[in-house]
Amino acid sequence: MKLAVIYGGGRREGNTRYLTERIIAGMKVDRMEVDAHHILPVIDGRHAAEGFPSVQDDYDGLMRRVMEADILLFATPIYWYSMTAAMKLFIDRWSQTMRDPAFRDFRTKMAEKQAYVVAVGGDSPRTKGLPMIQQFQHIFDFVGLPFASYLIGEANKPGEITTDKQALYQADLWNEMFKQILK
């Protein structure tokens with residue numbers, strides 16, 4: 001079993017990173033920083049005779065790594081009640097991947113994985129972050145990716161996540177769960 005973390009946040013020392021690293025502490029995982037890669041927006045070719053145009057960026061390399069994983073942990077701060085633009089840009093390109101012969105059986109392979117989401121936000125994130133969780137649910141349903149669970153932490157200023165005892169407790173539970181799964 002292989003776990004891949006898909007980081008959507010831009011702060012390497014941010015609250016989402018802290019909580020995610022607590023979840024995966026002591027494990028070998030594939031960490032992907034989507035914002036550190038050159039990913040171009042999707043050019044919608046669903047209805048064009050020639051289909052989607054070829055794109056020269058880092059996206060395909062990241063997708064190969066996603067396809068190798070059994071468990072996908074999407075980690076994103078909550079920005080304006082949703083995921084970060086970097087995370088959304090990465091997921092938008094799935095439209096192209098579903099029609100790309102290089103990723104044959106995309107949906108079939110996604111159905112064999114498990115998805116988890118960890119998100120951190122300020123100002124009542126366990127309520128205001130739910131539209132983002134629902135968005136992830138719809139995305140995962142569309143591609144057949146089973147959505148196992150999510151964790152929302154509350155923090156605004158750097159380091160503030162360390163005061164969210166509920167999120168830290170749940171992160172520790174996930175850590176033990178993933179260690180058992182990845183044995």
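What follows is a set of questions and answers on this predicted model.

Q: What pattern of helices and strands does the chain follow along the sequence?
A: Start with the inventory: the chain has eight helices and five strands.

Q: How compact is the chain, going by its radius of gyration?
A: The C-alpha atoms fill a box of roughly 55 × 35 × 25 Å along the principal axes. For 183 residues the globule rule gives 16 Å, and the chain is close to that, so it is as compact as a globular protein of that length. The radius of gyration itself is 16 Å.

Q: Which share of the contacts between residues at least 6 apart in sequence joins residues at least 24 apart?
A: A contact here needs heavy atoms within 4.5 Å. Over the chain, counting contacts between residues at least 6 apart, the share that joins residues at least 24 apart is 78%.

Q: How much of the accessible surface belongs to carbon and sulfur atoms?
A: Of the 183 residues in the chain, 46% are buried. The accessible surface comes to about 9400 Å². The part of it that belongs to carbon and sulfur atoms is 52%.

Q: How far apart are the mean positions of the positive and negative charges?
A: The chain has 23 positive and 23 negative charges.

Q: Is Thr16 buried or exposed, and what does it contact beyond its neighbours in sequence?
A: Thr16 belongs to helix 1, residues 15-23. With a relative accessible area of 8%, Thr16 is buried. Setting aside residues within four places in sequence, its contacts are Ala75, Thr76, Pro77, Val118 and Val120.

Q: What covers the buried residues of helix 1?
A: First, the residues in question: Asn15, Thr16, Arg17, Leu19, Thr20 and Ile23 are the buried ones in helix 1. Their cover includes strand 1, strand 2, strand 3, strand 4, strand 5 (147-154) and helix 8 (165-181).

Q: Why do the buried residues of helix 2 count as lying on the same side, and what arc do they cover?
A: In helix 2 (residues 59-68), the buried residues are Tyr59, Leu62, Met63, Val66 and Met67. They lie on the same side of helix 2 because the arc they cover around the axis is only 140 degrees. As a rule, an α-helix has 3.6 residues a turn, so residues three or four places apart point the same way. For helix 2, the arc is 140 degrees.

Q: Which helices and strands do the buried residues of helix 2 pack against?
A: Among the strands, the partners are strand 1 (3-7), strand 2 (30-33) and strand 3 (71-77). Among the helices, they are helix 3 (85-92), helix 4 (94-97) and helix 5 (106-110).

Q: What is the phi of Asp105 near, and where does Asp105 lie?
A: Most residues other than glycine have a negative phi. Asp105 has a positive one, near 60 degrees. At 45% relative accessibility, Asp105 is partly exposed. Its place is the loop between helix 4 and helix 5.

Q: Where does Ser124 lie, and how accessible is it?
A: Ser124 has a positive phi, near 60 degrees, and is a residue other than glycine. Ser124 lies in the loop between strand 4 (114-121) and helix 6 (125-128). Ser124 counts as partly exposed, with a relative accessibility of 38%.

Q: Which residues does Arg46 touch, not counting those up to four places away in sequence?
A: Arg46 lies in the loop between strand 2 and helix 2. At 44% relative accessibility, Arg46 counts as partly exposed. Once residues up to four places away in sequence are left out, Arg46 touches Phe52 and Arg99.

Conventions. Residues are numbered from 1 along each chain as its sequence is written. This is a predicted model: local features need pLDDT of at least 70, side-chain atom pairs count only at pLDDT 80 or more; totals for chains, interfaces and linings use all residues. Side-chain values use heavy atoms; hydrogens and water are left out. Helices (H or I, at least four residues) and strands (E, at least two) are DSSP runs, numbered from the N terminus. Buried means under 20% relative accessible area, exposed over 50%, partly exposed in between (1.4 Å probe, protein chains only). The radius of gyration is taken over C-alpha atoms; the globule rule is 2.2 Å times the number of residues to the power 0.38. Accessible areas come from the Shrake-Rupley method with a 1.4 Å probe; for residues, only the protein chains shown count as cover. Lys and Arg count as positive and Asp and Glu as negative; His and the chain ends are not counted. The place of a charge is taken as NZ of Lys, CZ of Arg, CG of Asp or CD of Glu. The arc is that of the directions from the helix axis to the C-beta atoms.
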